[in-house]
Amino acid sequence: MATGQLFSKTTQALFYNYKQLPIQRMLDFDFLCGRETPSVAGIINPGSDGFQKLFFGQEEIAIPVHPTIEAACNAHPTADVFINFASFRSAAASSMSALKQPTIRVVAIIAEGVPESDAKQLISYARANNKVIIGPATVGGIQAGAFKIGDTAGTIDNIIQCKLYRPGSVGFVSKSGGMSNEMYNTIARVTDGIYEGIAIGGDVFPGSTLSDHILRFNNIPQVKMMVVLGELGGKDEYSLVEALKQGKVQKPIVAWVSGTCARLFKSEVQFGHAGAKSGGELESAQAKNQALREAGAIVPTSYEALESAIKEAFDKLAEEGKISPVTEFTPPSIPEDLKTAIKSGKVRAPTHIISTISDDRGEEPCYAGVPMSTIVEQGYGVGDVISLLWFKRSLPRYCTQFIEICIMLCADHGPCVSGAHNSIVTARAGKDLVSSLVSGLLTIGPRFGGAIDDAARYFKDAYDRNLTPYEFVEGMKKKGIRVPGIGHRIKSRDNRDKRVQLLQKYAHTHFPSVKYMEYACQVETYTLSKANNLVLNVDGAIGSLFLDLLSGSGMFTKQEIDEIVEIGYLNGLFVLARSIGLIGHTFDQKRLKQPLYRHPWEDVLYTK
């Protein structure tokens, strides 16, 4: 693996298993470094395709999403890095699939807990095919000023603090991703910064070792010195010892193996990583530090002295003229996300939708300020929910019970009315529930259902203007308008609509005032003198009684009542109620497995 640099300013990656934050951090780093193209060429989200919107600086971009690794590699042949954010259960299989793609050169496996047998197979395949694995259990790596993997180096603030937006002279390799962030900061304080940093991962069998990367750094001219942070457990550091003894490394190495405190414990200690386990004396931090020191590495006496050791090594190279001063510059500012800026109070952004009836942002949804738990625990009914969501207030129980009675009475009117007929025909055509329901709902209007609203409007206008039933009816006749809420095809003076009687009885018992209903009954008396079937129908009863509900409850102003009638709330009540029946007819046809409906020829009058 000894070769040289893994990444450059043109390196592009494929990102497996969509994670918005690490991808956006990569793109923000790209912008910070002045890259011309985003480092993420495509996203692989198994089973999905399309595009994912993200930001490249201030510009919103669409990154392609592919359903398979093969499709992504075919679509982006120049992307040679595979960043795998799969879980430990599927990381091995997806990583192997990526390694087998001819375009993929480097695979970074973020998941920890990948089975050791799987890790060994991946390592064997990668080495046999001249490919590089970083991880498992890694945060990734970074080429300063050029390319970074996922969440490497943390936030943009930390990246700027560590001067990672431009290359330095130090090659860094560590087992720990968390300690990498600390060391990037340490190195930036006492040197010109990182050129490349790699966290190989904390599992027992890393895909690439400390010495693999040190030998690679040795071949990169821009890297003038190396820093190694190992840890107790395993024998990886000894391969670096051998490389030093054999003269394979010509550049200064400052090294430290953490875990020296393990000797303070009487039993074996596990330090987080699977590989950081205090085994025999040979795997102890003390033994490794001593071996590295004897092989020629610069090893301080403690972790606290590591920063000073790095500084001394760097200063010596600078004095010898082996390090040229880095030209500093101020990186561009990364625009803040709108949500972050709003939360911090830095910007004011206009909203696009206003909602006054519900809010689901808290611990539980609220209807007009009433928590869902209250609605359930206090036994609110459908009428109560309608009063909250439609009228934005809790109406008295007699009002909400009246609403529920209206819904029950209007839920269905048999299979022959236009709405039910449409739903039945649509269901028999094999369409889904929503299509069948909508087909029926689209017939609701002035001739089917809409009479409730019109009845309320005309009765209210006539009553409020003190028109007599004669003046009202005859005035409508002169305009060529039928009185809505009056008339029925079947019901008559001698065959009253039971639904109307039930509503009137309920109102007389519970409503404080029924002035509009009484006016509607006076109108009915006049219309019955003209024809036996011009009775007050259920639309007229609901329309007039709703006016009595609104005015008699004392909870609405005159302006609010006018607005409710004008907007068409009452028609909404019919739409809600009749949806129950239309859904029932849809289910009924599907349950009966009825075939496609065709209207019979004998029911059509064919004329020329």
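The legends below describe close-up views of a predicted model. In this predicted model, local features are given only at pLDDT of at least 70 and side-chain atom pairs count only at pLDDT 80 or more, while totals for chains, interfaces and linings use all residues. Residues are numbered from 1 along each chain as its sequence is written, and side-chain values use heavy atoms, with hydrogens and water left out.

View 1. The lining of the largest pocket comprises 36 residues, and Arg447, Arg482, Ile486, Gly487 and Asn537 are the closest to its centre; lining residues have an atom within 4 Å of a point. Helices H17 (451-464), H18 (469-479), H21 (538-552) and H23 (569-591) each supply at least two residues of this lining, and H18 gives the most, with 4 residues. Helices (H or I, at least four residues) and strands (E, at least two) are DSSP runs numbered from the N terminus. By class, the lining of the largest pocket holds 16 nonpolar, 8 polar and 12 charged residues, where Ala, Val, Leu, Ile, Met, Phe, Trp, Tyr, Cys and Pro count as nonpolar, Asp, Glu, Lys and Arg as charged, and the others, Gly among them, as polar.

View 2. Helices H1 (20-33), H5 (156-161) and H11 (338-343) each supply at least two lining residues, with H1 giving the most, 5 residues. The lining of the second largest pocket divides into 11 nonpolar, 9 polar and 7 charged residues.

**View 3. The open sheet of 7 strands.** The strands follow the order E3-E4-E2-E1-E5-E6-E7, with mixed pairing, and two strands pair if DSSP finds at least two bridges between them. Strands E3 (50-56) and E7 (132-134) stand at the edges with a single partner strand each, so one side of each is left without a neighbour in the sheet. The twist averages 25° from one strand to the next. Strand E2 (residues 40-44) runs parallel to strand E4 (residues 59-66) and is joined to E4 by 2 bridges, and Ile43 stands opposite Val65 in E4.

**View 4. Helix H3 and its surroundings.** In helix H3 (residues 91-99), 8 of the 9 residues are buried, meaning under 20% relative accessible area with a 1.4 Å probe and protein chains only. The buried residues, among them Met96 and Leu99, pack against strands E1 (13-16), E5 (81-84), E6 (106-109) and E7 and helices H2 (69-75) and H4 (116-128).

**View 5. Strand E8 and its partners.** Gly140 and Ile142 point one way from strand E8 (residues 140-143), whereas Gly141 and Gln143 point the other way, and all are buried. Strand E11 (residues 194-199) runs antiparallel to E8 and is joined to E8 by 4 bridges, with Ala199 as the bridge partner of Gly140. Strand E9 (residues 147-148) is also antiparallel to E8, through 2 bridges, and Gln143 stands opposite Phe147 in E9. E8 and E9 form a hairpin with 3 residues between them, and Gly145 in the turn has a positive phi of about 75°.

Terms used
1 Å grid on protein atoms, 1.4 Å probe; cavity = no way out; pocket = protein on both sides within 12 Å on 5 of 7 lines; lining within 4 Å. Axes fitted to C-alpha atoms, helices over the stretch in contact; angles between N-to-C directions. Buried < 20%, exposed > 50% of the residue type's maximum accessible area, 1.4 Å probe, protein only. Contact = heavy atoms within 4.5 Å.
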